[in-house]
Amino acid sequence: MRTGLRFALLGPVRGWRGDAELDLGAPQQRALLAFLLLREGEAASIDEIVDALWGERPPESARAVVRTYVCRLRRVVSSGEDDDRVIRSSGCGYVISAGAASVDWHTFLGQVREAQAVRARGNAAEAAGLLRGALRLWQGPPLGGARGDYVDQERTRLVQRRVAALEERLSLDLELGRHAEASEELAEAVAAEPMRERLRELQMVALYRSGRQAEALGAYDEVRRLLAAELGIDPGAGLRELHQRILRADPGLAHPAPAVAAGRPPAQLPAAPPGFVGREAELAAVHDTLGPAGWTPVVAITGLGGVGKTALAVQAAHAMRDRFPDGQVYADLGTSAGRPADPAEVLGSFLRSFGVPGDRLPDRLEERAALWRTVLADRRVLILLDDAGDADQVRHLLPAAPGCAAIVTTWRHLIDLPGARWIGLDVLSPADALELLARLAGHGRVLGHRQDAVELVGLCSHQPLAVRVAADLLQARPHWTVRQVRMRLEDDLYRPAGANDGCALIEAPLLLAQSRLDPQQATAFRLAALPDYGELTAESVAALLGLPRRRAHWLLESLVDAHLLLAGPGGTYRYHGLVKAFARRQAWACEGVEQCDAALSRLLRFHSRRPAALPMG
C-alpha cells in the first residue's frame, strides 16, 4: 500500500506503519478508529460517532472529545506528508477511505468470499485451505482494548462471522473425510458456543463417522436439555432429523455428502446485445446502485416495449460480472408473452442451478424462497429478472444477503417493490440511434448517406427496436439505398389508416401496451393522436373527448405511466412519432370514422372559441 499502514481488529486493536507499531491511545480513541475502519470507506458524522462511543448518555463535551481523538489519531497514523492524511474530514464528520490502509477484517472477508467461490466451483480442498488461512487472522476476541456500546455490538457481529466461517470450514473437512481431526476441533467450538445448532450437527456427524455412535447420540441429548433449560425450546428440524438418521444407522451418513454446488457457478445471463450504443447515464446509475457493500440493492428498469429495457439490463449485468463471482442467474418472467412465470418454478430453477437436488426442493413457495435466501447467504450473486408483471412475481426471487443484487425490468412502476431504484428508459438520442443503425447495417453504407440515415432513424422515433428493424431491412435489401428503406418504412408506419403490412414487430409492443388500458384510457390514447399539432393539454383533450378537464388530465397522466405519452413543460403532453402514427391507425380502425370526425369537430369548436390556444405545427 502507498501508506504502508495496516490495522488489526481481529484481536486487540493495533496498528503499524511498516514494522513500527503505533500507539493508538486510550480505549475510546481505539473504539473511534475501529468504528471508522469498520465502515469500509463510508463517512460518519460526529453525531454518529458520539452515539457509537457513549450511547444515550454522552457527556456535554462529547463532540469536542471526538475532535480531540481524531486530532491525536491523525498525528499517530500520518507519515508526516501533507497529502497523506488517512482520516479525512467529510462534511460534518470523518472517513477512512477504502484502500487507505490494510485491515485484517477486510482481508478475512475477502478470503471467505474467495473460498465460497472456489467451493461453488467444486474444489472443496482449496476452499478449506482458504478458510483455514482466513481463520488464522484471528488473534483473540475482536476489538480488544476498545470500549463502548458500539464496540460490544460489533464484537458480537464479528464473532458470529468467525463462527460461520469455522462452521463452513469444518463442513468442508467432513466433506473431505477428515472426520477424526474435525471431532477434536468441534469439541472446542461447541464448548465455546454450546447452543449453536449447526456446530452440534457437525459434531454429531463427525462422531458418527469416527465410529462413536453413542457419543453422537449423547451430544444430541446434551443440546436438547440445554435448549430446554435455557430457552424453553426443542432442537430445530435439522438436529432432530440428524438424530433420527443416526438412530436408524442411515447409510448416507457413513460417507461424506457431495458438495451442494458442484462445477462452475451459474452464469445464465443472455448474450450481450449486438450493436449496443449509448445509455451512459443509465449504465452509470445501475453501476452506482449495485456497487455499495453491506446491503442488497435492486435496480428496476421501466419503459415501453421496444425501448431497450432488456438490452440495458443485460449490458449492465455483463459489465458487472466480476462483482458477483458466485454466479449470475436469469429468468424471463414472460409477462409480455402472456405467459407469466410462476415464481415457485423460477425458484426451483435457481436452486437447481446451485446444486440443490430436485427431490430436495420444498413444495411451498415460501419454503423455496427461504431456501433461496439460505443458498445466497455469504455469496455474491446477481439476479436478473426480465419482464416482470407485478411485485408478487418478483418479491420471493429477490436476495436478502448483503453482497447480492438484482436487476428487474418491467413495463410499469411497481409501487409495492420497496427499496428499488427506478430507472425510466426513453428512446435513444439521435446520435446514438444513428450509431446503432451504422453498427448493425455497416458504417460505410449508413454514413455514406448520412442525411438519409438521419431521416430514417428520425422516422423510427429513435426507438431501438424500430432502428433494428430498419437495419435488418437494409441488410435484407443490399441493393437498396438508405433513402429507399426510409420510403418503405414511411409507407408502412405512417399510412393514414389500415393494417401495417411490413412492421408487425414494431407494432407488437404498442398493441400490448394498448391492451393493458381500460376502455376509456384506450379511447383517449387513440383519439388524442388525431390532431396534427404536436403538443396536447388537458384542456384540449377534454374538449376532444367531451370530458371534464380533471378527468382528461387523469387520463393523460395514466398514459404517461403506461409510457405511451411523454409529459412536457407547462402541463403539455406529446407522442413519439411512431406511437402517434400507431394510435391514429387504431383510432380509425377501432373508433370508426364517425367517432373520429365528432372528436375533431369538438376540438375545432374549442379552438374557435380560443383562437390563441391553437398550437402551430
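**Helix packing and the nonpolar core**

A: Helices α5 and α6 cross in a left-handed way; a crossing is left-handed if the near helix is turned anticlockwise from the far one by less than a right angle, and right-handed if clockwise. This is a predicted model, in which local features need pLDDT of at least 70 and side-chain atom pairs count only at pLDDT 80 or more, while totals for chains, interfaces and linings use all residues. Residues are numbered from 1 along each chain as its sequence is written, and side-chain values use heavy atoms, with hydrogens and water left out.

The helices are DSSP runs (H or I, at least four residues), numbered from the N terminus. The axes of α5 (residues 124-135) and α6 come within 9 Å and cross at roughly 145°. Such axes are lines fitted to C-alpha atoms over the stretch in contact, and angles run from 0 to 180 degrees between N-to-C directions.

Contact means heavy atoms within 4.5 Å. On the α5 side, the residues that meet α6 are Ala124, Ala127, Ala128, Leu131, Arg132 and Leu135. They face Arg162, Ala165, Leu166, Glu168, Arg169, Leu172, Asp173 and Glu175 of α6. By class, this contact of α5 with α6 has eight nonpolar, no polar and six charged residues. Here Ala, Val, Leu, Ile, Met, Phe, Trp, Tyr, Cys and Pro count as nonpolar, Asp, Glu, Lys and Arg as charged, and the others, Gly among them, as polar.

A nonpolar core is a set of buried Ala, Val, Leu, Ile, Met, Phe, Trp, Tyr and Cys residues joined through side-chain atoms within 4.5 Å. Buried means under 20% relative accessible area (exposed is over 50%, partly exposed in between; 1.4 Å probe, protein chains only). In soluble globular proteins, nonpolar side chains tend to be buried together.

This core has 81 residues, and Leu9, Leu36, Ile49, Val66, Trp105 and Phe108 touch the most other members. Leaving aside neighbours within four places in sequence, Trp105 is in contact with Leu9, Leu10, Leu38, Glu40, Trp138, Arg157, Leu158 and Arg161. Apart from this core lies another, of 37 residues, among them Leu304, Phe525, Val541 and Phe582.

Elsewhere, Gly278 is found in the loop between α10 (237-247) and α11 (280-289). Gly278 counts as buried because its relative accessibility is 13%. Not counting residues up to four places away in sequence, Gly278 touches Leu283 and Asp432. From Gly278 to Leu428 is 150 residues in sequence and 7.3 Å in space, C-alpha to C-alpha.

Terms used
Helices (H or I, at least four residues) and strands (E, at least two) are DSSP runs, numbered from the N terminus.
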